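Please keep the sequence and the structure at hand while reading.

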Amino acid sequence: MISWRKHYKKTLIAIGLLLSTSASFYGQDGDPKNGEKLFKANCTACHALDKQVIGPPLKGVVERVKTEGGVDRDWLHKWIKDNKALRASGDKYANEIFEKYNKTEMLQFPNLTEKDIDDILAFTTNPPAPEEKKAEATPATDATAAAPADKTTTNIVIISLLAIAGLLVWILLKLRQLVKLGQSEELAGLNETRVRSFREMHEKFHYVGKAVIAILAILAAYGVWNWLMWIGVYKGYKPEQPIYFSHKIHAGEQKIDCQLCHSSAKYGKVSEIPSMNVCMNCHRTISEYNADHYMEPGKDKAFYDGEIQKIYAATGWDPAKQQYTGKTQPVEWTRIHNMPDFVYFNHSQHVIAGEQAIINSFNKKNPNNKIDVVCKACHGKIDTMNVVQMANDFTMGWCIECHRTTEVDMNNGYNKEYFKNLHDKLKKQYPQDGGKITVAAIGGLECGKCHY
C-alpha cells in the first residue's frame, strides 16, 4: 500500500513536470503584460497578432512553428535574436520562411534578453484581455434633478404670456383713442397742417434730404471699396478634403515634424502637397486607428479606419496580400493657400534664412501665444487643427507689416559681416531705434522683391 502511494506521488510529480515543460514550450512562463509592451515597441512595425502585415500574424506562433517546422521555443529565440545567422547555418525551416515571405529579411534583436523573448511569446500565445473602458458618468435624470429646470421653464412661459396680454391691452387702448380722435374737431385741425404733396415735402425738408443722400453715398462708396479690398482674402477658409487628414493627430499627438511630409518647404520655392507614397511610409503597417485616447467629436474608430482604406485605394495597396495592385486612383485635394501669379514667394528663403528672426519677432509681438516652429508664424498652430484652415489674411499689407517689424538675425556670422556698413548707417539715421536692421531696411519693401 505504501509502495503504491509512493508510485502515485512520483506519477503526479512527473505529470506536473510534463505540464510545466509544455507550458514553458507554449510561451506561458513569460509575463504577457510585459510582453505586450515589448511587442508594441519592437514588433508592430512589421507584425500584428491576427493579420498579416509585412510579416505573418504572430498569434499562436509557438504552436505554429512546432506544427509546421517541428521546432521548439529555443529555435524561436535564435530566430528572433539573429535570423540571418540562423539561415546562414543552413536551418531548413528558417530558409523556408525566408522564401515564403518574398525574401523579406526580418530585423535582428540581439538586445532582447531570454526573458524578454519569453514575455513576447507569452503575449502571442495568451494576449491579455483589453481593459474595459469606464462608463462615462451620465447626468442625473430623476424627477428631483429635472424639477428645477421644469419650474424655470414654466415661469418663463407664464411671464411671456402675461407680457403678450399686456401688449394687446395697450394696443386696444390706443385704437380706442384714435377712434375718438377721428370723431373730434382736433382731427380737422391736424389735417390743415398735414403735407399734401411730395413738392411741399421737398420744399420743407430738402436740406435734410440732401444731407441724408450725401451720407448714404459716402457709406455706399466705403462699402464698395471695402468689398474690393477683401476680394481674394479667405481667412478662416477650411474646405473638406477627399481624404480626412488631421494635423492635430499627426503633428500634435504623434509629434511628426512638418518637413517630414512637406520636405520641399525648406529647400524649395513651393511647399508641395505630399504624395500618397509619403502616407504609405507609415500606413503600410498602420491599417487601423488605435489611438482611443483622442477622437474628434462626432467621429469614431470606424470613420478613421475608413479614411485609411481610402489611402490604400488611392495607392493601389492590397493589405491582405501586402502588395501593390497597380490600380491607383488620383486624389483631388482642395488647395487652401494659393498666392496670385503676380506674387513671388519663396518658402526656403523664409524657412532657412529667416527662421530664427521670424520666430523671435512673432514671439515678441505675441508673448502669450509663442511658437516653436517657423511654419506657425504664417499658417497658425497647425498642430492643433483637425481641419486645416487659412489662419491669416495673406494680404500685401500683412506681408509688409511683417517686413517692417521683423529684425534681421545679426547673430548670424554672414549677416553680421555683410550688413556691417548698413548697420553703422542705420545707427546714425535712426538713433531712437538703436539702428535696428529690419527686413524693410535691407530692401524688404521694394516692389521688385515680390513683383517682377
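Trp 79 touches Leu 86, Arg 87, Ala 94, Ile 97 and Met 106, leaving aside residues up to four places away in sequence; a contact is a pair of heavy atoms within 4.5 Å. The model is predicted, so local features need pLDDT of at least 70 and side-chain atom pairs pLDDT 80 or more, while totals for chains, interfaces and linings use all residues. Residues are numbered from 1 along each chain as its sequence is written, and side-chain values use heavy atoms, without hydrogens or water.

Trp 79, Val 65 and Trp 75 have the most contacts inside the largest nonpolar core, which has 23 residues. Such a core is a set of buried Ala, Val, Leu, Ile, Met, Phe, Trp, Tyr and Cys residues joined through side-chain atoms within 4.5 Å. Helix α4 gives the largest share, five residues.

## Helices α4 and α6

Helix α4 (residues 73–88) packs against helix α6 (residues 114–125) at about 110°, with the axes 11 Å apart. The two are therefore roughly perpendicular (65 to 115 degrees). Helices are DSSP runs of H or I with at least four residues.

## Salt bridges

Asp 118 and Arg 73 form a salt bridge (3.5 Å, N to O), defined as a side-chain nitrogen of Lys or Arg within 4 Å of a carboxyl oxygen of Asp or Glu. Asp 118 is in α6 and Arg 73 in α4, so the pair ties together parts 45 residues apart in sequence. Asp 118 is buried at 13% relative accessible area; buried means under 20%, with a 1.4 Å probe and protein chains only.

Technical notes: Axes are lines fitted to C-alpha atoms, for helices over the stretch in contact, and angles run from 0 to 180 degrees between N-to-C directions. Angles under 35 degrees count as roughly parallel, over 145 as roughly antiparallel, 65 to 115 as roughly perpendicular and the rest as oblique. Buried means under 20% relative accessible area, exposed over 50%, partly exposed in between (1.4 Å probe, protein chains only).
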